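This report describes the architecture, surface and charge pairing of one protein. The sequence and the model are shown first.

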Amino acid sequence: MKFSCRENLEVRVYKHPHYQSLNETLMEDFNKLNFTKYENNAVHTNIKGSQFNFMSHPDIPKPKGIILIEQWVRQLINLKYCDIDFGTWIAKLDKGQETIDHDHYPFSTMVCVYFVNTPKGSSPLVFTKSGKKVKAEAGTLVIHPSTLRHKVPPNKCDNRVTIASNIWITEQCRILK
């Protein structure tokens, strides 16, 4: 699915074909990580819940499932002959927690969000200027430009888990002759 927000920026939404087994493995891997609660986070964050940021923990390898999702995103973006880097984190929202309205510019070129665990009552991803929403459904991947403002309203359940990445195109695309 594709749609454009009021800002006339494209948002792409996909469903992973094997999300059930992938997400089950991801949740097992995430249970081994020490998430930082919003109140204890020493750096600025828009996530008013818990998170684990792989950029802050370069000594901890990304689980295989995250690598697979990053490879999938790379294929979907389809910028041949470009170098793409990911700054990835995991966000966990419990009841009443939210992500405040924000964008990712100038920290990245694009952003992606992958829904891992979405119990009943999981809040959608909302693009604030247009009001367009993406329902929180396990296995859904959303890719959008970094300048597009978005938020997650207060959550109505515990353990809503997503993977998010800032995506950088780190080198100009090379054209083969």
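The sections below proceed from the basis of the model to its fold, its surface, its backbone and its salt bridges.

## Basis of the model

The model is predicted, so local features are given only at pLDDT of at least 70 and side-chain atom pairs only at pLDDT 80 or more, while totals for chains, interfaces and linings use all residues. Residues are numbered from 1 along each chain as its sequence is written, and side-chain values use heavy atoms, with hydrogens and water left out.

## Fold and dimensions

The protein contains two helices and twelve strands. Helices (H or I, at least four residues) and strands (E, at least two) are DSSP runs, numbered from the N terminus. In sequence order the pattern is β-β-α-β-β-α-β-β-β-β-β-β-β-β.

The C-alpha trace spans about 55 × 40 × 35 Å along its principal axes. The radius of gyration is 16 Å, which agrees with the value near 16 Å for a compact globule of 177 residues. This radius is taken over C-alpha atoms, and the globule rule is 2.2 Å times the number of residues to the power 0.38.

Contact means heavy atoms within 4.5 Å. Among contacts between residues at least 6 apart in sequence, 78% join residues at least 24 apart.

## Surface and burial

Of the 177 residues, 45% are buried. Buried means under 20% relative accessible area, exposed over 50%, and partly exposed in between (1.4 Å probe, protein chains only). The accessible surface comes to about 9,800 Å², and 51% of this belongs to carbon and sulfur atoms. Accessible areas come from the Shrake-Rupley method with a 1.4 Å probe; for residues, only the protein chains shown count as cover.

L9 lies in the loop between β1 (2–4) and β2. L9 is partly exposed, with a relative accessible area of 23%. The C-alpha atoms of L9 and M55 are separated by 27 Å, and the two residues lie 46 residues apart along the chain.

## Backbone features in two loops

Y105 and P106 are joined by a cis peptide bond, with omega about 5°. P106 lies in the loop between β6 (99–102) and β7 (110–117), and Y105 is found in the loop between β6 and β7. Is Y105 buried or exposed? Y105 is exposed, with a relative accessible area of 53%. Leaving aside residues up to four places away in sequence, Y105 touches S146 and T147. Y105 and V161 are 56 residues apart in sequence and 23 Å apart in space, C-alpha to C-alpha.

A further backbone feature occurs at N159, where phi is near 70°, a positive value in a residue other than glycine. N159 lies in the loop between β11 (150–152) and β12 (160–171), and is partly exposed, with a relative accessible area of 26%.

## Charges and salt bridges

Side chains of opposite charge can pair when their charged atoms come close. The protein carries 24 positive and 17 negative charges, whose mean positions are 6 Å apart. Lys and Arg count as positive and Asp and Glu as negative; His and the chain ends are not counted. The place of a charge is taken as NZ of Lys, CZ of Arg, CG of Asp or CD of Glu. The structure holds eight salt bridges, each defined as a side-chain nitrogen of Lys or Arg within 4 Å of a carboxyl oxygen of Asp or Glu.

One of these salt bridges joins the side chains of K15 and E137 (3.8 Å, N to O). The pair links distant parts of the chain, 122 residues apart: K15 is in strand β2 (residues 10–15), and E137 is in the loop between β9 (133–134) and β10 (140–145). K15 is partly exposed at 40% relative accessible area, and E137 is partly exposed at 33%.

E70 and K62 form another salt bridge (2.7 Å, N to O). In this pair, E70 is buried, with a relative accessible area of 8%, whereas K62 counts as partly exposed at 26%. R149 forms a salt bridge with D101, the closest N and O atoms being 3.4 Å apart. This pair also links distant parts of the chain, with R149 in the loop between β10 and β11 and D101 in strand β6, 48 residues apart. R149 is partly exposed at 25% relative accessible area, and D101 is partly exposed at 33%. Salt bridges that share partners join K15, K135 and E137 into one network.
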